[in-house]
Amino acid sequence: MQAEAGPGADSLPERRPSRTTLRNETLLVLALSLGASAVSALISFVGSVTKPGGLKDQAATLNASAAPGRPWLDLAWQLFGITTALVPVALVAHFLLREGVGLRVLGFDRTRPWSDLRRGAAVAAVIGSSGIAFYLAMRGLGFNLTVVPEALPEVWWKYPVLILSALQNSIVEEVIVLAYLLRRLDQLGWSPGAVMAGSSLLRGSYHLYQGIGGFVGNMVMGVVFVYLYRRWGRVGPLVVAHTLLDVGAFVGYAVLAGRVDWLPTA
């Protein structure tokens, strides 16, 4: 079946930068965002595997308090962190506008909201159920740390911040590591297989702080997302899917932790 055509061409003429510019630009974007996160995750993983005791006896906390006991200051830090994490996405938008295209060329727009929502929800339903089972299996085998999706205080802004954090994660990851990186690697002449491997390996790498299970599971998710992005020509559904997955993990943990036996806690 033929892939859907990407978003319509923008009114500005496309101006393609040189290969050197594209390569340097891509490296800078990754160095300011998820490429740096991959290095940080690798260092964290080395620290975990060299620490006495098994991986499952250690914890990886995702959304923690930034100012314990000071809820308003904590909220300020949470919003600051969410906002600044989106700056590399703004940089990507700037570079694409310089080409004369913009984020619409990646399918990150509001032209097909209901289609994006339906597709994203379907993807999240399939990956979410299998992802939980995979995480529990990997932790049980000792290949994964205990992931603590949230450790925020019980304050009024807890759930809104968790939802905003999920949205920020999905936008950064899918716009940069999926849509933008694929476009740039295609322009640099990489083969489709190499592009899929590069994007998926990077996605797995910045989840290494969770352990081998986090690396492998997210790398497989990366392969699926690359395939779907190629097929649909839009990153919108994958942003929706990732947001729903993270909202389910963050909010679900906040609601269920300590109340069900099957969910590991730190």
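Biologist: Which residues does Phe134 touch, not counting residues up to four places away in sequence?
Modeller: The model is predicted, and in it Phe134 sits in helix α5. Setting aside residues up to four places away in sequence, Phe134 touches Gly213, Val216 and Gly217.

Biologist: Is Phe134 buried, partly exposed or exposed?
Modeller: The relative accessible area of Phe134 is 30%. Buried means under 20% and exposed means over 50%, with partly exposed in between. Phe134 is therefore partly exposed.

Biologist: How far apart in space are Phe134 and Trp157, C-alpha to C-alpha?
Modeller: In sequence, 23 residues separate Phe134 and Trp157. In space, C-alpha to C-alpha, the separation is 31 Å.

Biologist: What accessible area does the nonpolar patch on the surface have together?
Modeller: The patch is formed by Leu141, Phe143, Ile212, Val216, Val220 and Val224. One of these residues, Leu141, lies in the loop between α5 (113–140) and β2 (146–148). Together the patch residues have an accessible area of about 470 Å².

Biologist: Is Leu141 buried or exposed?
Modeller: Leu141 has a relative accessible area of 56%. The cut-off for exposed is over 50%, so Leu141 is exposed.

Biologist: At roughly what angle do the axes of helix α8 and helix α9 cross?
Modeller: Two packed helices are described by the angle between their axes and the distance between the axes. Helix α8 covers residues 212–232 and helix α9 covers residues 236–256. Their axes come within 10 Å and cross at roughly 150°.

Biologist: Which residues in α9 do the residues of α8 meet?
Modeller: On the α8 side the residues are Met221, Phe225, Leu228, Tyr229 and Trp232. The contact of α8 with α9 divides into nine nonpolar residues, one polar and no charged. The α9 residues met are Pro237, Leu238, Ala241, His242 and Leu245.

Biologist: How many salt bridges does the count come to?
Modeller: Side chains of opposite charge can pair when their charged atoms come close. The rule takes a side-chain nitrogen of Lys or Arg within 4 Å of a carboxyl oxygen of Asp or Glu. By this rule the count of salt bridges is 12.

Biologist: What is the N to O distance in the salt bridge of Arg183 and Glu99?
Modeller: Both Arg183 and Glu99 are buried. Their side chains meet in a salt bridge with an N to O distance of 3.1 Å.

Biologist: How many residues apart are Arg183 and Glu99?
Modeller: A salt bridge joins Arg183 and Glu99. This pair links distant parts of the chain, Arg183 being in helix α6 (residues 158–187) and Glu99 in helix α4. The separation is 84 residues.

Biologist: Which residues are linked in a network of salt bridges?
Modeller: Arg183 and Glu99 form a salt bridge, and both belong to the network. The linked residues are Glu25, Arg98, Glu99, Arg183 and Arg184.

Biologist: Is Lys158 buried or exposed?
Modeller: Lys158 and Glu154 meet in a salt bridge at 2.6 Å, N to O. Glu154 is exposed, with a relative accessible area of 66%. Lys158 has 2% relative accessibility, and the cut-off for buried is under 20%. Lys158 is therefore buried.

Biologist: How far apart are the closest N and O atoms of Glu173 and Arg203?
Modeller: Glu173 is buried with a relative accessible area of 9%, and Arg203 is buried at 0%. The two form a salt bridge, with their closest N and O atoms apart by 3.7 Å.

Biologist: With which residues is Val175 in contact, leaving aside its neighbours within four places in sequence?
Modeller: Val175 lies in helix α6. Val175 is buried, with a relative accessible area of 0%. Leaving aside neighbours within four places in sequence, its contacts are Val89, Val92, Leu103, Leu106, Phe108, Ser170, Tyr180 and Val235.

Biologist: With which residues is Thr111 in contact, leaving aside its neighbours within four places in sequence?
Modeller: Thr111 is found in the loop between α4 (87–99) and α5. At 46% relative accessibility, Thr111 counts as partly exposed. Neighbours within four places in sequence aside, Thr111 is in contact with Arg104 and Arg234.

Biologist: What distance separates the C-alpha atoms of Thr61 and Ser199?
Modeller: Thr61 lies in strand β1 (residues 59–61). Along the chain, Thr61 and Ser199 are 138 residues apart. Their C-alpha atoms are separated by 25 Å.

Technical notes
Residues are numbered from 1 along each chain as its sequence is written. This is a predicted model: local features need pLDDT of at least 70, side-chain atom pairs count only at pLDDT 80 or more; totals for chains, interfaces and linings use all residues. Side-chain values use heavy atoms; hydrogens and water are left out. Patches are made of residues with over 30% relative accessible area and no salt bridge: like charges are joined within 9 Å, nonpolar side chains (Val, Leu, Ile, Met, Phe, Trp, Tyr) within 5 Å. Accessible areas come from the Shrake-Rupley method with a 1.4 Å probe; for residues, only the protein chains shown count as cover. Helices (H or I, at least four residues) and strands (E, at least two) are DSSP runs, numbered from the N terminus. Buried means under 20% relative accessible area, exposed over 50%, partly exposed in between (1.4 Å probe, protein chains only). Axes are lines fitted to C-alpha atoms, for helices over the stretch in contact, and angles run from 0 to 180 degrees between N-to-C directions. Contact means heavy atoms within 4.5 Å. Ala, Val, Leu, Ile, Met, Phe, Trp, Tyr, Cys and Pro count as nonpolar, Asp, Glu, Lys and Arg as charged, and the others, Gly among them, as polar.
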